[in-house]
Amino acid sequence: MYRIAEKESLAPGIKRIRVEAPLIARKTRPGNFIILRIDETDERIPLTVSDFDRDKGLISLIFQEVGYTTRKLGQLEVGDYIRDLVGPLGKHLDIEPYKKVICLGGGSGTALLYPKVKAFWQKGAEVFTITGARTGELVILEDELRGFSNELYITTDDGTYGYHGQVTDILDKLLQEHSDIDLILAIGPVPMMKAVVNITPPEIKTIVSLNALMVDGTGMCGGCRVTVNGETRFTCVDGPAFDGHQVDFDELINRLSFYKDTEDHLCKLDQLAREVEG
Amino acid sequence: MSLQKQKNPMSVQEPRERIKNFKEVALGYTPEEAINEAWRCLQCPTAPCVTGCPVEVPIPDFIKAVREENFEQAIDIIKTKNNLPAICGRVCPQEEQCEKVCIMGKKNEPVAIGRLERFVGDYALQKTSDKNSTYNRTTAKKEAKVAIIGSGPAGLTAAADLAKEGYQVTIFEALHATGGVLRYGIPEFRLPKGIVDQEVTEIKKLGVDIRLNVIIGKTITIEELFTAGYQAIFIGTGAGLPKFLNIPGENLNGIYSANEFLTRVNLMKAYKFPEYKTPVKIGKRVAVVGGGNVAMDSARTALRLGAEEVSIIYRRSKNELPARQEEIEHAEEEGIIFRTLNNPVAFHGEKGRVTKVECIRMELGEKDGSGRPVPVSVEDSNWFLPVDSVIIAIGQTPNPLLTSTTGNLKTEAWGGITVDENLATSIPGVFAGGDIITGAATVIKAMGAGKKAARSIIEYLEKAK
C-alpha cells in the first residue's frame, strides 16, 4: 500500500500527488515511469514520474483526469492509499551536456517535460521552452519553467493566453532563427509529437516520449509495441523515449484508440453510479 | 479380484455448458472414486513412476495411503517432495512422466496418478481451510537469509524447501499478485486461482515472506540484496517475453500476444469487465497461432469470452501439436477448429483493425534435429481467414530485465542464464532455475529446478559457515 502524502491541483483536471514510495524514489531518474493499480478491481496504468525526493522517499505524479482510472486517482485525498505501485520502469533519459535545446510540452506532457528542462539548464545548456495548452487556464508550471529556460513561449489553441496557435508555430520560428540547435525534446499528445517531428530537420536529434497502452510494464505483454525504424519495439522496456524521426506515429495513434469504447463505457457507468448516489 | 483395466473416469463439465463459463472443466474425484482408483495401483517394488516424476514424489506410498482412506497421511507423503500438489495434479503432463512409465500402463491404462494427486491436494486444502491448521516446523530456525526472485512454480518450490529447513526466505515478485505463470498464464477453468491462493498461503505458513511489486534489477539490484544481508539468491524469473511472428500487419489492433491476452483475462480478470476495469476485445472470429498448451488455453479462453468461431493455426500436422493430449481433446470437444498445416504470412486490416489472416498451406518434409518433420510451404497456396482478432502463442523467451541490469551475470546467446550442474550462476551465491535457464517448459520442470536449487543453496550456505 502506498500512501498519498501531498496533493494539489495544478489546473482544472490536472493534479499532482506525492506518494510515499521510498524504494522507487531511491532509484528513479528522469524519464522513468511507474505502474499503479488503485484497487483490486482496477486497471494497471503507467504514469511518468515527474519528480522525486530521495530523502523523503516521495515520488511526484502529475496526471490529467482523462479516463476512469485517472479520475478515480484524482479523487483520492492525502492519507489515502494506492494498492499497488511498481517501478521505476523504462529507460531513463541521459541528460548529456547539450549546448542548445528546444523543449516542447503539450497539455499535461508539460509536467513531464519540466524535470528535463531543469536538468538541461543545470548542465549548462541554452534552453528554449515551448508549452502549449488548449486554453489559458490549463497552462501549468509557468513560473517553474521560466526559472530554467532562456526563453519561454506559451501557446494556447484558443488564444486566451500567450501566443494564439500551436507549439509548432513557435518551433518553426526558432528553427529559422537558430541553426545550431542540437536537441529537440517533445512530450505531449501523439499528434503534437508527430507535428513536431514533421517540421524538424532529420539532422537534428529529436526525442519523443511515448505513452503506449500497457499492462505489466516489464516487457511481458507486448501490448505497448511500436514500430521504430521499421522494427517492433516495446515502449515499456525499450522506451518510453525514442528518436522521433523513426517512430511510426500513425500506428501508435491507431493502437491508442483501440480501447476508447470500453473506456467510455466505464466512464458512463461511473457517471451513472454517481448520479444514483446523488 | 480382477484389476480394472481403465482409469476411473473423472467427471467434467459438459462442453456445451462449460464454454459459457470460466469454472473449472475437470471436477476431480470423490473419495470413493479416489479409493477405487488407488486400488488399481500394483504397488510394484520398482516404482518406475517415482523416477518418472521430476520431483520424485513417493507415488506408490501416497496411493497406498489413499487406498487405506488415510488421506492425511497421503498429503504428508506428497508434501515431503511436492509443495503444490493441487496445482501439479491439474497441470502436470503426467502422460509424459509418471503415468508414461506406470507398469499398469503396459497392457491397460496407467493408474490415474495425476487425478489422485489432485484429489489429495484438494483434500488437504479443504482440511486446512476448515481447521486453519498449520504444518509444524520441525527444523530449528537458521540465521541465513535467502532471496527468491519470482513467485512462479520454481520460486515457490525453492522458497518452501528452504523455509522447511529453517532458512529466512523472502520472495520478491514484480507483479501485484503471486504465482507467476500459474496466475497470469493458466486460465481459471484449468487452474482456479483460489487454488493458487491457498497453495501460496500454505507456503507463507512455513514462514516465507512475500514482497509484491518489487522488480529485482530495477527497484532493487542483486548487489543490493547481498548488501541487505541476503546470503544466497535464487532467480526464477521464467520466460516472460512474448515472441512475435515478425510478419506484415502484426501491430494492427486486435492482435495480441498470448501473454497480453491471458494476462488481461487471468491476472486482471477482464472476463469480469466492467466489474473489473481491464478490458479485452476479441470479437466473434478469433485465430490463435501456435499449437502448444498456451495456444489451447488462449483458444478456449476466447470461446468463453463469447467468440463464435475460434481457430488454431499450426504449421505442422495434428500429430506434432506440442500441447497435452487432454488439452487438445478438451479444445476439440468445445468446438475449436484446428487449421493445421497452415502458417500465417501476413495480417490485413481495415481502419486499423485486423480483418484477415493470410495463410500459406504447409506440408511436412524431412525430420529435423528435434525429430519432428520440417514444415515446408506449398507455393501459391495462400488463402485468407476472416478474423476479428488474433492471438500469437508461438512461445516466450526470458525477460532481459534482470540479466541486462546485472553486469557480471553470464547468459546464453538465446537470453537464458548460464548455470552449472548445481544451478549455480556466474555470480557466487546466485542460483537460477526454471524457464530462465531452459526456455519455456512446464510447471513441474520448473518446480524440479526449484527443489534442486534449494539443495544447492543449502550446500552453499553450509560451506560458507
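Okay, let's start in chain A, where strand 12 (residues 183-187) and strand 13 (residues 206-209) run parallel and are joined by 3 bridges. Two strands pair if DSSP finds at least two bridges between them. Within this pair, A:Leu185 stands opposite A:Ile207 of strand 13.

Before I go on, some housekeeping. This is a predicted model, so local features need pLDDT of at least 70 and side-chain atom pairs count only at pLDDT 80 or more, while totals for chains, interfaces and linings use all residues. Residues are numbered from 1 along each chain as its sequence is written, chains are lettered from A and ligands numbered from 1 in the order in which they are written, and side-chain values use heavy atoms, leaving out hydrogens and water.

Now, the domains. Chain A splits into domain 1 (2-89) and domain 2 (100-256), with bounds from an automatic or database domain assignment. Their C-alpha centres are 21 Å apart. On contact, meaning heavy atoms within 4.5 Å, 17 residues of domain 1 touch 19 of domain 2. The two domains bury about 1,600 Å² between them, 66% of it on carbon and sulfur atoms; that's accessible area (1.4 Å probe) lost when two parts are put together, summed over both.

How many salt bridges cross between the domains? The rule finds 0, where a salt bridge is a side-chain nitrogen of Lys or Arg within 4 Å of a carboxyl oxygen of Asp or Glu. There are 3 residue pairs in polar contact across that interface (both at pLDDT 80 or more). A polar contact is a pair of N or O atoms within 3.5 Å; within protein, one must be able to donate a hydrogen and the other to accept it, and residues adjacent in sequence count only if both atoms are side-chain atoms.

Next, chain B against chain A. Here 45 residues of chain B contact 45 of chain A, and the buried area is about 3,800 Å², with carbon and sulfur atoms giving 56%. On the chain B side, B:Asn251, B:Lys277 and B:Lys281 lose the most area, together 19% of what that side buries. The rule finds 3 salt bridges across this interface. Take B:Glu224 and A:Lys27, whose side chains meet in a salt bridge at 2.5 Å, N to O.

Last stop: the whole structure has 47 salt bridges over all chains. A:Arg3 and A:Glu20 form a salt bridge at 2.8 Å, N to O. A:Arg3 is in strand 1 and A:Glu20 in strand 2 of chain A, so the pair ties together parts 17 residues apart in sequence.

Definitions and conventions. Helix = DSSP H or I, 4+ residues; strand = E, 2+ residues; numbered from the N terminus.
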